[in-house]
Amino acid sequence: MKIRSPPGVQYPITVEELAKKRDDAVQRSDLLLTYSYEATVTEIDKYGETSEVKKRWSVRFNSSADGVIAKWFVQKGAVIARAGIDIVEIEEPCTHEIQFGSMCVNCGKDMTESDYLTEQRNVDRARINMTHNNVALLVSQKEAAMAEEDSKRRLLDAKKLSLIVDLDQTVIHTTCERTIAEWQSDPDNPNYEALKDVKGFQLADDNVAHVAANWYYVKMRPGLKDFFDRISTMYEMHVYTMATRAYAQEVAKIIDPQRRYFGDRILSRDENYTDKLKSLQRLFPTKTDMVVIIDDRADIWHYSDNLVRVPVFNFFPGAGDINASFLPKQQELVTATAKVASPERAAANDKARDEEPTNGILTEIEQQLLSMKGDDAPEVLEQQQKEQEKVIITQQTERPLLQQQLWLDKEDEAAEETEESIEPKDGEIPSHEHHKHRHAVLHNDDRGLDVIEENLRRVHQAFYAEYIQKRKTTLPQAGRVLELKGEKSPKKRSMGGEHVPDIKDLMPRMKHEVLGGTNIVFSGIIPLGMDVQFSDFALWIKSFGATVSLNVTKQTTHVIANPDRKTTKVKRAARFPNIKIVNAEWMLQCCTQWKHVDETPYIIEMDAADRSGSPFEDLEDDDVGVTGDEEGDESESPVQVEISDEKWQSIGDELQDFLDESDDNGDSPSDSDSVRSDTSTHSDSKRNKRKRKRLTGTASADGSDEDSDASVDSGSKLQKRKKRAMERVTSLNNVVTGDKSSGLPSPETTGPEEGQGEDEGTVPDPTSLSREDGSEDDEDEDDDGLAAEMLAELKKSESEE
Amino acid sequence: MFFLKEMEKTIQLHPSYFGPLIRSHIHRELLTKEEGSSTGKFTIVCILDSFEISDGQVIPGTGSAEYTVHYKAIVWRPYKGEVMDGVVTSVIRAGFFVDCGSLQAFVGRNMIPSDIKFDPAATPPQWTDNAEQVIEKGTNIRIKIKGLRSEVDKMYAIGTMKEVCRP
């Protein structure tokens, strides 16, 4: 330990004498050196006269550590000018690298003691907790790095990676409803088959629910045992759950009875320092290069690059995650809220579906903000516990599963067939196989693990392929350099970290290939009032290389829409055959399977009426003139198009056909004399790929583009204004796109982004943006005004025709 | 080390317990609350049967009654240098954890004889000399307390195996 000149001393000081020599043993509070300093003091002599006198004072300087003096940095007579200068190095017999309960593990000394000599408290030397099941054992940075180096070497030798496994809704699903036990003992029950492998347990010390002897029923995800068997050859697995320790322990007993897969590597809420987030650093404080996570929630991992997000395992309908009340509120999707509810409610919802999305969403977000902000204040914790209690009591008393089964039975009697749902989260929707003429609420057909396994296998292969590749290329060189340099141990160096690829680079790279080049617009999926770019879905799909836009533009390749509702965006996109309008299931499939799945089964059928445009929009599609800056842009045209020219050509042709068609029956201004070589600039001039030179002759292919929508008439101030506004909107988006650090809808949601997710019939309100003050209050007025203005414009042009 | 200690405890009883069985209620309350609890200095192992219950006093405002109970109990207090038996609860690279009754102890890497090495590949992981000595979860072990620290109602100990007999 180095002892430095302390603060709070009157500098400069002069070293008078060194009391110890090199290699002398010192004890704490032994004299190390004496120094002197000069100060002016006011002296009063016997006559009562005051005078300022300079005086030298000699001070003893004591050692603050035990040990042997390794090196003096100062000599007798040296002058030390300020605090923080090295004085002496003392080699300590114990550096207290590992501490347990604030005691050093190696020397047994109490680390919390502090006295007048203490410079750095001993407890601060070891601050990192990397043990799964204990919070009292802390290690120093150095020790942690060493431990990780060790395990890295071990993993590399065994050709393994680390895998963090979440429990609830990832590999298991738990409910507290005692109906399960009744069904399990009744072979006639339609759910009997599915419940065969459900195991129950009680927690001895269950004070969570204040309900005596609460039973938990755990369903393993189908194929879990085989999954673990195969994955454990590639990964060293850890459990990381937000459930209590006791619960995690019990579940581990069920999923890993021999403790072969996880051993003691179980981390629960009791050992996690915060309730809100899971942190890789909690287990891997210095290196996360070789860690892969599987979890059904990405927000609690802060959308970590190490995360492989898995489809939610929802076996007991409506049970959800019983430990979720400790997590931040999940962002709910419109489609999910409408259908996850119990059948009775769902039935009611069918009528009220249209109102649904707008209701309660703001409060939802508020709650989420609140809960994310949440510190570990006791009242918050108490509230969370109460919430969990409520969930459990509800499950016990209301027995939603039983109700559902009764409801189903009734429905069976009426011989009704419910429609197979395409809703993504509806793994739990009742199955339709006849089983003794009764439908089962529960069914055992989740195949999520196969997909997860495939993904994990790919990551593992890619990692070790790259590792071997890198070793091959760098090793001989490094060895030669070392030889030339005459260094002693090339062997030791060869294990160094340079060749080890980083999962944080590797996985995003793999994922980006999946949907790279696609441009996605959400419509009717993300609840109103949520920032689309930061919504869970958008962040998820962006991690696969897709870009998310707010509006249908000519870059748009896919519109992900709610099949039940025809939004403006869907209608607009419908007029362009190159834009695929798909339901959310497509996205979920892509994101879980890690491949660009064929859209065909997920396409939302559009009727012919939607395929043809309204005259109002045709007007905007025609580009009569271009503005000056657009021409300027045309000249510099570094085209970086994701879609090949041929494709563009065909798109253009199609459009041409379509436009001709609409010209026939419509009386919109003809595009015959319009300037076709116009270029629509997408605001964002930094991104070249957004600029695109239009081929002459492909008439107004930019009909799909919002910007060129705006450039209908060069003379129209309104359109210019709108265009400007749109530019601003888009540039705003692009700034946002890069940043995906937070899963939260940003609190300062700006005007145009609000309502983007659900804009039913409203064009994003450009006028409020175009004005500098951009006040949101009179948004509606502006909207109306704009509509009126545009209508007038339309009439005028019509009459001119 | 075990001691016989005289202690005192104030117990509050809800009015619903007032009745002929009041003594047994107090007794039960005493046992459930006190036995096994740790004060940070010592652990109450067992409360002896003979105890004195003072006259009850009704607390104004609540209706509950307060009793002061004098009792004797066997308490256990660990000392530095004491040799204890315990059960291994968890094995990690840095050492292993031992439960000695209410006391949780940790034996660090440097406190384990040098011929016993950590084997992370074993399931479950263990410290072993590749002969008959295996330290894994559940092993009975004898350690000597090298350091002791108490916090409110909790005690921590550092153990060593170098100065005592092997498991």
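A search of the whole structure finds 37 salt bridges over all chains, a salt bridge being a side-chain nitrogen of Lys or Arg within 4 Å of a carboxyl oxygen of Asp or Glu. The model is predicted, so local features need pLDDT of at least 70 and side-chain atom pairs count only at pLDDT 80 or more, while totals for chains, interfaces and linings use all residues. Residues are numbered from 1 along each chain as its sequence is written, chains are lettered from A and ligands numbered from 1 in the order in which they are written, and side-chain values use heavy atoms, with hydrogens and water left out. Side chains of opposite charge can pair when their charged atoms come close.

**Chain A as a whole**

- Chain A contains 24 helices and 23 strands; helices (H or I, at least four residues) and strands (E, at least two) are DSSP runs, numbered from the N terminus.
- Of the 801 residues in chain A, 52% count as buried. Buried means under 20% relative accessible area, exposed over 50%, and partly exposed in between (1.4 Å probe, protein chains only).
- The accessible surface of chain A is about 37200 Å², and carbon and sulfur atoms hold 50% of it. Such areas come from the Shrake-Rupley method with a 1.4 Å probe; for residues, only the protein chains shown count as cover.
- Among the contacts in chain A with a separation of 6 or more, 73% are between residues 24 or more positions apart; contact means heavy atoms within 4.5 Å.

**Salt bridges within one chain**

- A:K109 and A:D66 join their side chains in a salt bridge (3.7 Å, N to O). This pair links distant parts of the chain, 43 residues apart: A:K109 is in the loop between β10 (103-104) and β11 (137-139) of chain A, and A:D66 in the loop between β5 (50-62) and β6 (67-72) of chain A.
- A:K109 counts as partly exposed at 44% relative accessibility, and A:D66 counts as partly exposed at 28%.
- A:E466 and A:R509 form a salt bridge through their side chains (2.7 Å, N to O). Here too the pair links distant parts of the chain, with A:E466 in helix α11 (residues 448-485) of chain A and A:R509 in helix α13 (residues 503-515) of chain A, 43 residues apart.
- The relative accessible area of A:E466 is 21%, so A:E466 is partly exposed; A:R509, with 44%, is partly exposed.
- In chain B, the side chains of B:K33 and B:E29 meet in a salt bridge (3.3 Å, N to O). Both residues lie in helix α1 (residues 22-34) of chain B, 4 residues apart, about one turn of the helix.
- B:E29 is buried, because its relative accessible area is 19%.

**The interface of chain B and chain A**

- Chain B gives 25 residues to the contact, and chain A gives 25 residues.
- About 2100 Å² is buried between the two chains, with 59% from carbon and sulfur atoms. Buried area is the accessible area (1.4 Å probe) that two parts lose on being put together, summed over both.
- B:R93, B:R149 and B:I158 supply 28% of the area that chain B buries against chain A, more than any other three residues.
- The rule finds 4 salt bridges across this interface.
- One salt bridge joins the side chains of A:D150 and B:R93 (3.1 Å, N to O).
- A network of salt bridges links A:E143, A:D150, B:R93 and B:R109.
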